[in-house]
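Here is a short briefing on a cavity and on one residue. Look at the structure first, then read the points below.

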Amino acid sequence: KKCIVLDLDNTLWGGIVGEDGFNGIKLGPEPPGNAFMEFQRVLLSLHQRGTILAINSKNNFEDAIKVIKEHPYMILKEEHFASMRINWNDKVSNMKGIIKEINIGSDSLVFIDDDPVNREFVKSVFPEILVVNLSDDPSSYVYEIENLIDFSVLKITDEDKNRGKMYLQQKKIIELEKTSTDLQTFLSQLNLKIIIKDVDEFTLPRVSQLILKTNQFNLTTKRYQEMDIEKMIKDSNFIVTCVQVEDKFGDNGIVGVFIIEKENQKEWRIDTFLMSCRIMGRDIEKGIMAHIINKAKENNVEKINADFIPTQKNKPIENLLSDHEFKKDGESWTYIINSEIKLPEYLSIEIK
């Protein structure tokens, strides 16, 4: 699981802010407010380890945001939430909006709400979402979330630590897109830079993490542990590369991986090609594919082979090969190299 979607009243604080008022909710060092503070501390620690937080609350926005911004005992602040749906819409409609805004699979979500009716409604529409059945005792909230093994991670990467900041950058990008007249204008304003570098001991944990969990924009969904990737790095028949993306709003971190197998002197095969769903829709894949083809040409390679293995989740990448002029060849795909590929003007590439 990647994201916790939270209710507000009687979940992040005690009481109902619309009825009890800013000063009347239970949130502070004395019982029962201390239970909600401790729950927020645990959520903040998960956020700092890379878990995305979002809000799905039926509430008056002005009342709720005042608590989030100004309450002296509020641990979680506005910048900790990748998406905030605070309105009078039903919880399922809000959940759909959160999924779309964060661009995340619904099976990656955990929903926490004190109201059993809301929990049941969300569960009935999204059975794949993990819905936590909170008890009536807020002092047990910490125990209940700490016992969710779905958030256990063996290693925390730099991308995990900065994920919250990256989703705030994503919000700014969405706002910019809304003001742009067309896609090319929008992408030109982003100042996109693709940084391509060989995988080393420092980037290996993040690369393995991406390979193990990326589902949507993943050509084959092959899964490799760190030890598997290390073997490929040491094997001269493989090129193991990661992709970092920067834009006008900051560094997105390592968001892509491609692995090339050198089948022989004249043919290469794309073993792995994947990107985080966070940067889909920015034509980053065009830059990566141009780099692969041009690098193959430099090495006098004549043909690049690739496979697309469809799954229930990787539909967003199903046209990657055909869009880049690969031709179907039996069960595989083939690209015959004739000339260099030009990058779109709104992309730049740096090789490290």
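Helix α12 gives the largest share of the lining of the second largest cavity, 3 residues. Helices (H or I, at least four residues) and strands (E, at least two) are DSSP runs, numbered from the N terminus. This is a predicted model: local features need pLDDT of at least 70, side-chain atom pairs count only at pLDDT 80 or more, and totals for chains, interfaces and linings use all residues. Residues are numbered from 1 along each chain as its sequence is written, and side-chain values use heavy atoms, with hydrogens and water left out.

**The cavity**
- A cavity is a set of points on a 1 Å grid over the protein atoms alone, where a 1.4 Å probe fits but cannot get out; lining residues have an atom within 4 Å of a point.
- The count is 2 cavities of 30 Å³ or more.
- The second largest cavity holds about 30 Å³ of space.
- A volume is the space filled by probe spheres set on the points, and grid points are joined across faces, edges and corners.

**Its lining**
- The second largest cavity is lined by Ile239, Phe258, Ile260, Trp268, His291, Ile292 and Lys295.
- At least two lining residues come from each of β9 (250-262) and α12 (284-298).
- The lining has 5 nonpolar, 1 polar and 1 charged residues.
- Ala, Val, Leu, Ile, Met, Phe, Trp, Tyr, Cys and Pro count as nonpolar; Asp, Glu, Lys and Arg count as charged; the others, Gly among them, are polar.

**Aspartate 20**
- Aspartate 20 sits in helix α1 (residues 17-20).
- Leaving aside neighbours within four places in sequence, aspartate 20 is in contact (heavy atoms within 4.5 Å) with Gly15 and Ile25.

Definitions and conventions
1 Å grid on protein atoms, 1.4 Å probe; cavity = no way out; pocket = protein on both sides within 12 Å on 5 of 7 lines; lining within 4 Å.
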